[in-house]
Amino acid sequence: MLFFPTEVNCIKRSLFIRNGIILTSSAIVIRSISMLFRVFLAEKTGAEGLGLYQLVISIYLVFVTTASSGVCLCTTRLFTELSAKGKSSQARYAAEYCMLLSFIIGLSGGAILFAGADLAAVQLLHDSRAAPSLRLLSTGLPFLAVSSCIRGYFLARRNSLQPSCEQLLEQLIETGSFAVVLSLCRTADISDTCCIAAAGTAAAEAVSFLYSILCYRADIRKTGLMRERLPGIVKTAAPLLLPVSANALTRSGLSAAENALIPCGLKKLGMNSSAALSQYGMISGMAMPVLIFPSVLILPFASLIIPEISEARAKSRTSSIRRITERTVASVLYYSLPVTVILIYFSSPLCGALFGSRDAGRFLAMLAPVVPFMYLDSAVDAILKGLNEQMSYFIFNTIDSLIRVMLTAILVPVCGVYGITAVIIISELLNTSLSLLRLVQVTSFRVSIIRTAVIPCLLSAGACLLTELFPLIGSEMTDMIIKISFCCLVYVPILLLSKNELPHD
């Protein structure tokens, strides 16, 4: 497995690969369901409804990331490091302390969102139709926060099955309830449709919470872990929790401000409210999910790196950290570069087939070059978290978010949708560059640009060009699937052969 250093024992490598396969398989199903949900929502409400839903979610994510990101990482790091030092009883105490803390944070966040829903809808989103959906979503925050914390515990235990099942259950309930209720109600009002989606999300969080609690209790009974008080846990947890939570709050808050500025900027350019929401919906609700979707095959492994890096750091295994880093960066580039080429080449038929909108394909083609930076940034951030580099992570993301907001305010009213794409591209380049520079400083890793970047680009571009020789096969969707499959089947074996033939650095 490319992600894992070869000097680690076979049992641990096997466990890592098994967990990665479980996470990847579940992520494919979950993202597929999520994509179907967006396709269904776009079909029922159009690009305008999708735009309103994305605005609601942008505010909700401020509270979600603040309530879940810090405590999830804190749980994983504390449990891993204490277990590595032979303090398993204290590790359990730390995990349960984080669960209590997550519930308090989630409950507080939910109360603030519920009370401020009208203010957020009118003053931030400039659309009062968002308020009822925000109030419905607020009720699920305490449950989401605790579920996220338990997910961090199971990742530290190298058990990916429970988090995968929990997320799959949540997605099925969310999407299934939305589809059933909307089919029965047959409402044409986009505000009501968003409320139905929000109610499904809140219900899914509650069920997911109950499932997570039951799984945690069963695991504790199975392992027989006792609980021993950890002196100074607040002092121990604070350096892990506060930078990540502050970063989540800052970045998601600025992201919400950025999302709110986009429709406003488009209106200043002369668009009416409906047209502005439609343009925003095509970019954030259609093009961006397609960009992110292929990451399901590789980024789940990145989440498993955090406890491995954390354990290696606790045991001062610097060579292992460097090897994991090199393999991670190389793997992401080998995968993301052909994804970029394929998305550019097939952008129009892809969005046409999924959303019935070839205009969205234009945005997809413009944004596809950021895919390697987007995927690489997620993997690098995971490594930095494992290396106790939360403060660097916080600083880089804050700089990036501030620049995004400023550029959005400046460029969108002048350049319209082209300004939006420029902001996304500049942001991804900046954030990934800063994170990579810091990672080089702390790990001294090296990769070959020719092997990991130039060759994948040439191979994937050549495979796409070969499809021009194919006649039209079946429907447009069938033809596209066959051609993309051909590109993958050509790329993978030739890449493996070229890796064996080229000299190593």
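**Figure 1. Helix α5 and its length in the predicted model.** At 1.5 Å a residue, the 16 residues of helix α5 (residues 141-156) should span 22 Å, and the end C-alpha atoms of this helix are 23 Å apart, which agrees. The structure shown here and in the views that follow is a predicted model. Helix α5 is mostly covered, with 15 of its 16 residues buried. Just after α5 comes Arg-158, which takes a positive phi of about 60°.

**Figure 2. Aromatic pairs between helices α5 and α7.** The structure holds six aromatic pairs. In one of them Phe-143 and Phe-209 are tilted, at 5.3 Å centre to centre and with 50° between the planes. This pair links distant parts of the chain, since Phe-143 is in helix α5 and Phe-209 is in helix α7, 66 residues apart. Phe-143 counts as partly exposed at 27% relative accessibility, whereas Phe-209, at 17%, counts as buried. The rings of Tyr-153 and Tyr-216 have their centres 4.9 Å apart and their planes at 75°, so this pair is edge-to-face. Because Tyr-153 lies in helix α5 and Tyr-216 in helix α7, the pair ties together parts that are 63 residues apart in sequence. Tyr-153 counts as buried at 0% relative accessibility, and Tyr-216 counts as buried at 6%. Ring pairs also link Phe-79, Tyr-153, Phe-154 and Tyr-216 into a cluster.

Figure 3. Glu-166 forms a salt bridge with Arg-151, and the closest N and O atoms of the two are 3.0 Å apart. Glu-166 lies in helix α6 (residues 161-185) and Arg-151 in helix α5, so the pair ties together parts that are 15 residues apart in sequence. Glu-166 is buried, with a relative accessible area of 0%, and Arg-151 likewise counts as buried, at 18% relative accessibility.

**Figure 4. Two salt bridges of Glu-96.** The structure holds ten salt bridges, and Glu-96 forms one of them with Arg-92, where the closest N and O atoms are 2.9 Å apart. Being four residues apart in helix α2 (residues 88-115), Glu-96 and Arg-92 are separated by about one helical turn. Both Glu-96 and Arg-92 are buried. Glu-96 also forms a salt bridge with Arg-227, with the closest N and O atoms 2.3 Å apart. This second pair links distant parts of the chain, with Arg-227 in the loop between α7 (190-223) and α8 (233-268) and Glu-96 in helix α2, 131 residues apart.

Figure 5. The side chain of Thr-80 reaches the backbone oxygen of Thr-76 at 2.7 Å. Leaving aside neighbours within four places in sequence, Thr-80 is in contact with Ala-156, Arg-158, Pro-307, Ser-310 and Glu-311.

**Figure 6. Positive phi values in two loops.** His-126, a residue other than glycine, has a positive phi near 55°. His-126 is found in the loop between α3 (117-124) and α4 (131-138), and counts as partly exposed at 44% relative accessibility. Ser-444 is not a glycine either, although its phi is positive, at about 60°. The loop that holds Ser-444 runs between α16 (417-443) and α17 (449-466).

Note on methods
Residues numbered from 1 in each chain as written. Predicted model: local features only at pLDDT ≥ 70, side-chain atom pairs only at ≥ 80, totals over all residues. Heavy atoms only, no water. Polar contact = N/O pair within 3.5 Å; in protein donor to acceptor, adjacent residues only side chain to side chain. Contact = heavy atoms within 4.5 Å. Expected span 1.5 Å × (residues − 1). Buried < 20%, exposed > 50% of the residue type's maximum accessible area, 1.4 Å probe, protein only. Salt bridge = Lys/Arg side-chain N within 4 Å of Asp/Glu carboxyl O. Phe/Tyr/Trp six-rings, centres within 6.5 Å; stacked < 30°, edge-to-face > 60°.
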